[in-house]
Amino acid sequence: MKRLFTLTALVAFTLTFLHLETSAQGGKPMWTKETKSGVMWQKVTPLGQLVTLGSKGLAGINTETGEEMWVIESLKNAPESSYEAIAQSPFISMSTQDGKNFCIVDPTAGKLIFSAGDAGLEQVTDKYFLYASAKILVIGTSEGGKKTEMVMADMTSGKKLWSKSGAFTFTTAVKDLGNNDVLLTSAFFAMKIKADTGEEVWKMPLDPKVANLTSLLTMLEGFMATKITKEELMAQLITTPYKPDIFILAAQSKHESTKTDSKGVKTTTISYNAVFMAFDLQSGKHKWASVVEMNYPLGISYPCEDGLIISSSNSGNINMLNYADGSRMLGKKGGGVNLKGSAAGAAPLRDGKLLLVSSNGSNSTLAALDPKSGTLLFDKSAKIKGTVSYTELLPNCVLVGTNEETNLLNSTTGEWLLEDAIPGGASVIASDDKMVYVFNTKDGLLYQMNVDGTSLKPLNTTPIKFQGKETANGIEIMNQGIVVKSEQNLALVEAGGNVKFNKYFPAPGVSGLRKALLIASAVRAAYYTAAFTTYSAAFGANAQSIQVKDPRSKASKEISSSLSQAFGDAAVTGAGYTATYIKMAQQRFKATTETPEYNLIMTAVDKSTAQLIQVSKTTGEVMTTIPLGKDKNPIYDVDMVDGKLYYMKDAVKMECYKF
């Protein structure tokens, strides 16, 4: 937008300047309210709602006015430690003071949607949110821990729909298929049930060789359920658009054996084995003649177009199973191929090829696999220091970030394009559709290149050095330049390379003061990441956490055009949960993708006095100051997406500041 330097503009500039100067002396609250009871703790939910816990119960607060909207009295003793924002949902959970009555709350409606006590459960061991079917599946114990039950509740009303007990409740994995269909696996069986009634559509032994022993296996499973734990038996349920008529079970079991030698010395040996079986989704019939068994612990499982990539979690062996018959497709006689270290993740490359990441002690290695030929493409694996957590597929290379450094990979040859990796790692990488920026935490320089480039060059010549023994842990692309930041430091590098400012704000003497602020910042960062990158799970992979950024890919575009993964994505839309929730999630997602013009920093006035300051990312100047005085344990929370601070001035007075 073209700006003209007119008298009006000059007046506006002057007023803005005066506002900054005035507000820097002390921010004024948006509202102040007397609470109806003393507040022990407060939290901002993933959707930006505010809940407080007082002597009267859990209360929902109108974030625009401070008015109390609802109270759930039964939760008045819930400790702060029991609060949890439930991933990929609009819900929160907590327990009463004794820790037994596990409850799920819908803060939008202000109601309990599930109470373990009301459902007859004394202790909850597992919970699954079935968004496509709008249900909640909960497993727990009753009758003093003597009985295990599975309970299904309606997600919108909280009504208990049905419950079952016995062997049926030993569940190792759950997958919501939508259309009221749910897959479950147990120690010996795979089954499909109707979410609303619990009716079994089909139930099939995991191993086709014992398909005629269903009754015996059912009896054994009831016994096994009391003898083994989820750690000893775990499972993954894998579906893929490449074979939409099947699903694959990947399971791992743990075995311990003890031997006593002639001197009475006991030696315990622990071993693992992974098994795989494909089933027909509609009938439950086995698709393979026998289970595929591997003598190693279950690693990543990645369904690509040509088959299911499987791996060991403690060795470099990797293989691919044929969707049609389960045959092993890689290596000599199906023995697989070996990576340098155990597989840690996979990401798609061009032309159907895969980038494979493996962990080798304190280092990582990268290889490329051509699933069609079954061969590894690099003559030599590429090594990089640290654990890979980020990959970005660029037109002419792959940007790879670990927790320690960053480099550019030639995905054809496996060679690193930078002779020396850049210290700093994934946390100090930023890119848009034109440029890539990487901050070097060792030399203090910001490096850049065009997205279609293959070499990073320094942007600034004056190094950025942070005080307080801090290292940069984030960078952001702004219209005015690139922001480099840590908890107490903030710097801006302009497009021409000039370091406009480099500011340090001393941390308060009481480290606990920053806790809520750092948590809020981390939550927003996670939302922002989910908005612009896809985890490899978006491509169907299990058991990996490498972020895969490729805005040109179909998968990324589908995610970015919908809601952030952090809000349940299209699954909630499919469930038809509530129009209110969808609207809030969409607004939240949009706000997440927009970089705020400021940072919030907790800083010290002196050794015993703290304040929260709003610092402009474009000028480095303090815009607003909120004094916290000598309060060593302030009750506050921050919404970094909506730009609000909620602070208990005293036990019954809450203030809201809008930034």
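Author: A definition comes before the rest: a cavity is a set of grid points where a 1.4 Å probe fits but cannot get out, and its lining residues have an atom within 4 Å of a point. Please keep in mind that this is a predicted model.

Reader: Understood. How many cavities of 30 Å³ or more are there?

Author: The count comes to 1 cavity of 30 Å³ or more. About 40 Å³ of space lies in the largest cavity.

Reader: Which residues line the largest cavity?

Author: The lining consists of Ala347, Pro348, Leu349, Leu355, Thr391, Glu392, Leu393, Val398, Val548 and Lys549. By class, 7 of the lining residues are nonpolar, 1 is polar and 2 are charged.

Reader: And which elements give two or more residues to that lining?

Author: Strand S26 (342-348), strand S31 (388-393) and strand S44 (547-549) do. The most comes from S31, with 3 residues.

Reader: Let us turn to the nonpolar packing. How many residues does the largest nonpolar core have?

Author: The largest nonpolar core has 30 residues. Those with the most contacts inside this core are Phe247, Ile248, Phe276, Phe279, Trp288 and Leu308.

Reader: Which strands supply at least two residues of this core?

Author: They are strand S17 (200-205), strand S18 (233-238), strand S19 (246-260), strand S20 (266-280), strand S21 (292-294) and strand S23 (307-312). S19 gives the most to this core, with 6 residues.

Reader: Now the sheets. What is the strand order in the open sheet of 4 strands?

Author: The order is S39-S40-S41-S42, and the pairing is antiparallel. Strand S39 (474-478) and strand S42 (499-504) each have a single partner strand and stand at the edges, so one side of each is left without a neighbour in the sheet. From one strand to the next, the twist averages 15°.

Reader: Over how many bridges do S39 and S40 pair?

Author: S39 and strand S40 (residues 481-485) pair over 5 bridges, in the antiparallel sense. Met478 stands opposite Gly481 in S40.

Reader: What about the open sheet of 3 strands?

Author: That sheet has the order S45-S46-S47, with antiparallel pairing. Its edges are strand S45 (598-606) and strand S47 (622-629); each has a single partner strand, so one side of each is left without a neighbour in the sheet. Neighbouring strands of this sheet are turned by 25° against each other on average, direction ignored.

Reader: How do S45 and S46 pair?

Author: S45 and strand S46 (residues 609-616) are antiparallel and pair over 8 bridges. Within S46, Gln614 is the bridge partner of Leu600.

Reader: A change of topic: turns and loops. How many residues lie between S8 and S9 in their hairpin?

Author: There are 4 residues between S8 and S9, and Gly110 in the turn has a positive phi of about 70°. Strand S8 (residues 102-106) and strand S9 (residues 111-115) pair in the antiparallel sense over 4 bridges. The bridge partner of Asp106 is Lys111 in S9.

Reader: Which residue other than glycine has a positive phi near 55°?

Author: That is Asn179. Asn179 lies in the loop between strand S14 (173-178) and strand S15 (181-185). Asn180 is also in the loop between S14 and S15, and has a positive phi of about 70° although it is not a glycine.

Reader: Is Asn179 buried or exposed?

Author: Asn179 counts as exposed because its relative accessibility is 70%, and the cut-off for exposed is over 50%.

Key. Residues numbered from 1 in each chain as written. Predicted model: local features only at pLDDT ≥ 70, side-chain atom pairs only at ≥ 80, totals over all residues. Heavy atoms only, no water. Pairing = 2+ DSSP bridges. Axes fitted to C-alpha atoms, helices over the stretch in contact; angles between N-to-C directions. 1 Å grid on protein atoms, 1.4 Å probe; cavity = no way out; pocket = protein on both sides within 12 Å on 5 of 7 lines; lining within 4 Å. Points joined across faces, edges and corners; volume = space filled by probe spheres on them. Nonpolar A, V, L, I, M, F, W, Y, C, P; charged D, E, K, R; others polar. Core = buried A, V, L, I, M, F, W, Y, C linked by side-chain atoms within 4.5 Å. Buried < 20%, exposed > 50% of the residue type's maximum accessible area, 1.4 Å probe, protein only.
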